[in-house]
Amino acid sequence: LFLMAILIHHCLLLTAAVTTTATAFILHNVPSPNNSPTKKCFISREISKLHASSSSSVNPNDMETPEERQERMEMVKRLQKTFYQDESGITKRDDGIYEDVPLWRVQWTELPGYQNVLNCHVPHYTHMFMKVLNGPKPWYFGHIYLPDGSKNVDNPDYFLCDPNSKAAHIGTLMKVSDYRQLDDGRLLLIAQALGRFKILESTQHIPYAIAKIELTPDLELVSAFYDEAMELALDVQQGGDKEEEKTSSGYDVASACWDAARVGAVTEAIHWESFEYRDVAVDECLEGGSGVSPIANFDATQIPMDESDVAEVMKDFLSSYSSRKSSTPDTRRPVNRHNLSSDYDKKRVLELEREVWIGVDFMIQLIAAINKDPTMHIPVPTQLLGLLPSDQDWPKGFQLDAHAARLSREKAYVGTMSKSPFVAVDDATASSPSYPLLRRAQRLSFVIWCLMDNILAGYVPAAQTRQSLLELDSTAERLEAAKRGLDAINTLLRKTLEGR
């Protein structure tokens, strides 16, 4: 099946001349609706082309008219669809473990909250995406960093889950928002990065990787559900002692509650996904899909009107916990409850979120002060401002809140390339179930690097590679890294201003 798909892909790309008259005739002789003179002339013209190609290296495809080419491509696409029927897609379990996830392994890392246009032309990945796109929505796939990309796909040193593998095992769950198949067979895909995952098991290495993955929300988001999970565990035990280390079924209570809390955080993420990621169509992007704003925008029309069923999902998970097969030990799991209150403090995360915003505001003001041309506009990161907290008492001179208020008042459209309505997430959810503050801070901890990537290139220790940021499993740690970067930038800008 794969070899046939590759063959069809090469037909679409038109990368090789047709070498036999029989193959060329089959590809070109697309019947007309009836046996008309047009069809006879078409066949005669094709026979002439075949005679010409048999004695030279000329590709007869180069001799066809645009109409003939379009007709032939439609035939090839119809033939291609017969190879991608009844695709079942990935298997999503209620515990946040997804099976049969195809992996797009490339030489760069995507962070949650970003979006991109993927131009897929490599045969094995075209085949992979065709299987995804002919399956049920949502169209999910995994994004994994691989040095040198496809060159190392079949390199045993980078096989996933091998004991001595050099491969990255932390990646990003992606969703295809829209796609278009071009006449030459390439796929343009609008892909949005949803969240982190770790690979539990690799079920296929080549021609592309397939794996079982576990969604891994940040530690702070998991710990936010720990107390609730503990109470539910006691209910499941029917009056068990909160201090007991083992249940009557023999499993560790703390471990069970931590795993249930992770399931709760995953359920919350799924509940808010439609609001957090506005669907983008290929037609919205410039030049038929060559550009999309790098940060995914929120969609105020998709705010969930009901509460999520986190408690029910966690209780079901705990009820069947003893019968579940453990995937892999979660090394992130705290040793005791005291670790949760000290290391993963919600208050600390929100304090860091505030400090990062103050640093961004100061940076923009410093750039404006250094700028010698008063007519030059200093851009404000409008795509980030929707995440600005609305309940803060900002310091004197802080300006970003006024910019955000103006964008809301003017019902502005924002985006560097594709445009969409500005959404202030706190205000948008004020009259409905409020957007979780920790999710707001987590989103900022990723997308702030869109602003800082180029500025901090090569700067140590403030700079962080995208893969190292992705592998940080704490919102606080990423916000601390962003704060260090902003402090470094602002120190240099201030010295520049003072030295003038």
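**Inside the core**

A: Start with the largest nonpolar core, which has 74 residues; F275, V356, W357, L385, L400, I448 and W449 touch the most other members. By nonpolar core I mean a set of buried Ala, Val, Leu, Ile, Met, Phe, Trp, Tyr and Cys residues joined through side-chain atoms within 4.5 Å. Buried is under 20% relative accessible area, exposed is over 50%, and partly exposed lies in between (1.4 Å probe, protein chains only). Helix α8 (residues 253-276) gives this core its largest share, 10 residues; helices here are DSSP runs of H or I, at least four residues, numbered from the N terminus.

A caveat on all this: it's a predicted model, where local features need pLDDT of at least 70, side-chain atom pairs count only at pLDDT 80 or more, and totals for chains, interfaces and linings use all residues. Numbering runs from 1 along each chain as its sequence is written, and side-chain values use heavy atoms, with hydrogens and water left out.

Now zoom in on I448. Skipping its neighbours within four places in sequence, I448 is in contact (heavy atoms within 4.5 Å) with V356, V360, L384 and A482. There's also a second, separate core of 44 residues, with F83, Y125, V176 and L189 among them.

Key: Helix = DSSP H or I, 4+ residues; strand = E, 2+ residues; numbered from the N terminus.
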